[in-house]
Amino acid sequence: MGLRLIFSITFTVCAFILVFLPFSGQTMSQKQAMSQISGEISVNNAWVRYNPMSGRSSAAYVKIENLGNNSVRLVGVSAPHPAHAMLHQTITTDGISRMSHLDSIDIAAGTSFVFEPRGAHIMLMNMPTDLEMKTNLMLELSFASGKKLEVPFKLCPLTASEIC
Ligand SMILES: [Cu+2]
């Protein structure tokens, strides 16, 4: 009886390790691949809702985390030629959404700012129409301190509501 119980516990533990370890390992490496840390700034989930159709405008989203003790100010984003990028906010009043330009974004110490669909976004204009899906678009984030951070943004389809 006692031996059976020990065997059963051992089996359960082994099964648990076999079943869950590969998955937790995979999740960790995926998270690491998506996260980029430079000094006090951590960047996660950088992606573009890529619109290769007419108009050539797309939007980029990212989470920027300030791990430091001082506030940081994002003052601009630049995109590779011929595209150009702007900081935008979507404001919905009485059911009507419109976009407004943001000059800068302050991120207080220990907090994060999230660019996401229906909220703040990095507006991309004059985008090339022939980019390969799931490749990366390199955007450069500029901060008031003079720091510049080059970040790979994954190209995702128009239907995506989060990183693909
Ligand atoms: Cu916009």
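This is a predicted model: local features need pLDDT of at least 70, side-chain atom pairs count only at pLDDT 80 or more; totals for chains, interfaces and linings use all residues.
Local features were considered only at pLDDT of at least 70 and side-chain atom pairs only at pLDDT 80 or more, whereas totals for chains, interfaces and linings use all residues. Residues are numbered from 1 along each chain as its sequence is written.

The chain contains one helix and eleven strands, where helices (H or I, at least four residues) and strands (E, at least two) are DSSP runs numbered from the N terminus. Read from the N terminus, the order of elements is α-β-β-β-β-β-β-β-β-β-β-β. Of the contacts in the chain with a separation of 6 or more, 64% are accounted for by residues 24 or more positions apart, two residues being in contact if their C-beta atoms, placed from the backbone, lie within 7 Å. Buried residues make up 19% of the 164 residues; a residue is termed buried if 20 or more other C-beta atoms lie within 10 Å of its own, exposed if 12 or fewer, and partly exposed in between.

Strand E3 (residues 58-66) is largely enclosed by the rest of the structure, because seven of its nine residues are buried. Strands are taken to pair if DSSP finds at least two bridges between them. E3 runs antiparallel to strand E2 (residues 41-49), to which seven bridges join it, and lysine 63 of E3 is the bridge partner of asparagine 44. Four bridges join E3 to strand E8 (residues 112-115), again in an antiparallel arrangement, with glutamate 65 opposite serine 112 in E8. Three further bridges connect E3 with strand E9 (residues 121-125), also antiparallel, and here alanine 60 stands opposite isoleucine 122.

When neighbours within four places in sequence are left aside, the contacts of valine 48 include Ala60, Leu124 and Phe153.

Serine 78, located in strand E4, is partly exposed, since 15 other C-beta atoms lie within 10 Å. Not counting residues up to four places away in sequence, serine 78 touches Ala85, Leu139 and Glu140. The C-alpha atoms of serine 78 and leucine 124 are separated by 9.3 Å, although these residues are 46 residues apart along the chain.
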